[in-house]
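Here are a few exercises to work through with the model open beside you. Try each task yourself before you read the solution.

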Amino acid sequence: MLKREDLKGQELLVNVQYTVLQDEPLLKAGTVIAHQQFEVSPYTFPKAEAVTAQQQGKPAVTLDDRAIFAVLSANGVKVTFNKRTGYVSYIDVDGTPMMTDESELMPDFWRAATDNDFGAGMQNRLSAWQHPRLERKAFDIKQDGANYVVTAEYNIQALEATVKLTYTMTPEGKLVVKQDLNVSEEAKNRKDDRGRLSMPQLLRFGMQMQMPKEFTQIEYYGKGPHENYIDRNNSQHLGIWKQTVAEQFWGYVRPQENGTKTCVRYWNITNKAGKGLRFEGIEPLEMQALNYTEDDLQPSRNKAQWHSGDLVERPFTDLHIAARSMGLGCVNSWGAWPRQEYQMPYQNYSYTYIISPVK
């Protein structure tokens, strides 16, 4: 018999289904009419301090520091930082590029607008977060025992906010990424002439990058198998799901946000040879991988007769690693916002995730 101590550190879930016992006029016997999932033993998320803890007997991370870039190397993994932008511009695992040449691992505060968002005017009211200008004000590299720590700081002047990115690379070739968004306390409480908070909400808080298109294979532990968002994910169960990037896209008549998965414990994205990257949060993540960009799914702030069938796949996989995105609402498509608990108000946000090589 399974004992409680056997479950230590493991997540145990119980799935319950209610089915029709015999044929009915509109339903066949065995049709599932309701289902629910119950957590018996919670998942143990990795702790950043445990990942970055110093370990004896392993070669230290090495640094190749140049005028315009810096490369950290460990365990067959190379991470290149662009000193001008402060962003990760290249990840290499045993000689295989994990990022496209034009890509950088960048902060991301936006998701493509949905029909519901257009009805509420969010594509205009929140547009300051779509392509905000981040001005780098500091960049630093320091050795910490066998690890290296890189920090980059930015101003977002138009939104009276700052961003701090902290990267810690370990001898195992793991990269611990922490993103902090800090907003002005005065601006957070500022109100307009109607007495409403004047600073715009976010549509997403996370980061994004592009991987070569050969990275088509996904295995993740989270809600699935279908797309799901924070205010409509009870229809999906936690599980280990194997899919392709092509299967993430849902062709709504009009292109819009789609394909996100919530409550993600880990997310592996690899090529057919099984080489790639693993993303884990110290708390649940939201992940999205598509062959289309946010701008493809929302080409304009004016609602028009776009059609998903007209989209042309990009020669890369557009990957989003998020802490949270705004819910979809689904109350109506002519003005309703998501419920308050599913919104993303103008406030401080912080999250941490771990990038590991899959070999």
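**Exercise 1. Locate Val177 and describe its surroundings.**

Step 1: Val177 belongs to strand β12, which covers residues 175–183; strands are DSSP runs of E with at least two residues, helices runs of H or I with at least four, numbered from the N terminus.
This is a predicted model, in which local features need pLDDT of at least 70 and side-chain atom pairs count only at pLDDT 80 or more, while totals for chains, interfaces and linings use all residues. Residues are numbered from 1 along each chain as its sequence is written, and side-chain values use heavy atoms, with hydrogens and water left out.

Step 2: Val177 counts as buried because its relative accessibility is 0% (buried is under 20% relative accessible area, exposed over 50%, partly exposed in between, with a 1.4 Å probe and protein chains only).

Step 3: Leaving out neighbours within four places in sequence, Val177 is in contact with Thr166, Tyr167, Met207, Tyr351, Thr352, Tyr353 and Ile355 (contact means heavy atoms within 4.5 Å).

Step 4: Leu165 is twelve residues from Val177 in sequence, and their C-alpha atoms are 7.2 Å apart.

**Exercise 2. Decide whether Gln208 is buried or exposed, and list what it touches.**

Step 1: Find Gln208 in strand β13, residues 204–212.

Step 2: Gln208 has 18% relative accessibility and therefore counts as buried.

Step 3: Beyond four places in sequence, the contacts of Gln208 include Glu104, Leu105, Met106, Pro107 and Asp108. Glu294, Asp318, Leu319 and His320 are also among them.

**Exercise 3. Find the residues with the most contacts inside the largest nonpolar core.**

Step 1: A nonpolar core is a set of buried Ala, Val, Leu, Ile, Met, Phe, Trp, Tyr and Cys residues joined through side-chain atoms within 4.5 Å.

Step 2: The largest one has 64 residues, and Leu105, Tyr167, Leu181, Trp267, Phe279 and Tyr353 have the most contacts inside it.

Step 3: Another core lies apart from it, with six residues, among them Ala112, Leu290, Leu297 and Leu311.

Step 4: Back at Phe279, its contacts beyond four places in sequence include Met209, Trp267, Leu319 and Tyr353.

**Exercise 4. Describe the protein as a whole.**

Step 1: Count the secondary structure: five helices and 19 strands.

Step 2: Of the 359 residues, 52% count as buried.

Step 3: Among contacts with a separation of 6 or more, 66% join residues 24 or more positions apart.

Step 4: The C-alpha trace spans about 70 × 65 × 40 Å along its principal axes.
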